[in-house]
Amino acid sequence: MELTPFLQRELSEPLYSQLYYWIKKEIEEGRLLPGIKMPSVRQLSTHLKVSRNTVEAAYQQLQSEGYLESVPKSGIWVAEIEKPSMHPNEAEHPVMQECKPSREVLVDFEYGNVDLDKFPLKQWKKCLSDAVGQENNWLFEYSEKQGEFELRREISNYLLQSRGVRSTPEQILITAGTQTSMALICRILALQGNTVAMEEPGYSGVRSVFEDQGCQIEPVPLEKDGLSVEHIQLSRAKAVYVTPSHQFPFGMILSISKRMRLLKWAYQTGGYIIEDDYDGEFRYRGQPIPSLKSLDEEERVIYLGTFSKSFLPSLRLSYIVLPPSLMDHYSRTFAVYNQSVSPIIQRAMALFMKSGEFERHIRRMRKQYQRKHQALLRSIDQYMGTKVKIVGEKSGLHILLKLKGVSTLELSEKGLQKGVKVYSPMNFWLNPTPEGNSYIMLGFGGLSIEEIEKGVRLLASCLREVEIGE
Ligand SMILES: Cc1ncc(COP(=O)(O)O)c(C=O)c1O
């Protein structure tokens, strides 16, 4: 550890005293924590270019006051000091008590969590270790700007087999999450100051990027079978961002006829369609509908994928499939941009995919999520009956509940009192309407079946209490 006090020789205060006060303050203000080993007298005197006596005198003073502790044959350590019980100002103005839910949270329907039970941790750790162990120079280098070729090849194979998307590794750009992908796309398509259309309600994570990039957002109303294509046709949108496999957050699937009409709009106007296939792997009912990208004959679809739902959100690993002309443009314009995802993570993922583990994981997870999804729908039906309506129940890792006779806020507050946490989808609307306040969002990916059933039972008891006016 290096200490860097600013000692001033020209002051009348001796150097040992300056050093003493400086270390004392560092300890009192928590920058030097108990259990930290201090540099030896010799090391510190060499480092600060002061005599050993100066350091020794400061250390001795600190030891006698209990700030430092000397352990024979071990060294000098920062000691545990008792904090003064309350700062005088705090006594006058007590800090506001944090607003805690009145009960511990027993079931949290937070969206975005993934299943932990069946996560192949052992295999994933092996891939990480194998990636680092590979005898090659790449570990010591920045690596490929577009992303590791091996990973892009694996993604390209995977997309063809599982999503019907034809792509070459050269068309794939590795990114650190969907927002990074979107910020790049805004730059590649020069969307700043232009109109971009997105579903209303839609994914607020992407909306924020459009706002930050200076785009004009055109909210497109939703119909039973996805966003209104007429609305887009009448707009001045240069690009449209959609979640066709599983509309976020409502969950409907964009019908095949709308897909064809949307593509026609892009062909005729030269617009681009940005297809976010964030959880396309997890579909439980009905015929799979081909992705927009797989139907695109004129290179107007930009396809976004992420490993956040299919594998782990903490990887921060995603990708864009760009039409060749846009990839050309990207390579020229962004030639100096380095890749932001660690090559270690990319290599490990490439090994994981190559070994077949990723496909196995997806198959296992699809079954696992399907069981959870069924348990959720079954419990809602059993405990809540007609008091709520389920919205978007065919795929994905979340559903919405349309409430009757109770507001989102009322139910979430009551829920918290009973230890169940639910979420409002309100901020997914660009222009919030009162209707938005009649839904709750239930994410179930990270919950066990028992937790799901318990959570729904607790929520149902909240609804009953509201009904009888408790
Ligand atoms: C619509 C949508 N797209 C993408 C993502 C994933 O984002 P990321 O790749 O940044 O984890 C999410 C996650 O919540 C999402 O809801």
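These legends describe views of a predicted model.

**View 1. The whole protein.** The protein has 16 helices and 15 strands (DSSP runs numbered from the N terminus: H or I of at least four residues for helices, E of at least two for strands). Its C-alpha trace spans about 85 × 65 × 45 Å along the principal axes. The radius of gyration is 29 Å, while a compact globule of 470 residues would have one near 23 Å (taken over C-alpha atoms; the globule rule is 2.2 Å times the number of residues to the power 0.38). Residues are numbered from 1 along each chain as its sequence is written. Local features need pLDDT of at least 70, side-chain atom pairs count only at pLDDT 80 or more, and totals for chains, interfaces and linings use all residues.

**View 2. Burial in the protein.** Of the 470 residues, 35% count as buried (20 or more other C-beta atoms within 10 Å of the residue's own, with C-beta atoms placed from the backbone).

**View 3. Helices α15 and α16.** Helix α15 covers residues 408-418, and helix α16 covers residues 449-467. They pack at an angle of about 120 degrees, with axes 9 Å apart (lines fitted to C-alpha atoms over the stretch in contact; angles run from 0 to 180 degrees between N-to-C directions).

**View 4. The α15–α16 contact.** From α15, E410, L411, K414, G415 and K418 take part. They meet L458, L459, S461, C462, E465 and V466 of α16 (contact: C-beta atoms, placed from the backbone, within 7 Å). By class, the contact has five nonpolar, two polar and four charged residues (nonpolar: Ala, Val, Leu, Ile, Met, Phe, Trp, Tyr, Cys and Pro; charged: Asp, Glu, Lys and Arg; polar: the others, Gly among them).

Notes
Two residues are in contact if their C-beta atoms, placed from the backbone, lie within 7 Å. A residue is buried if 20 or more other C-beta atoms lie within 10 Å of its own, exposed if 12 or fewer, and partly exposed in between; C-beta atoms are placed from the backbone.
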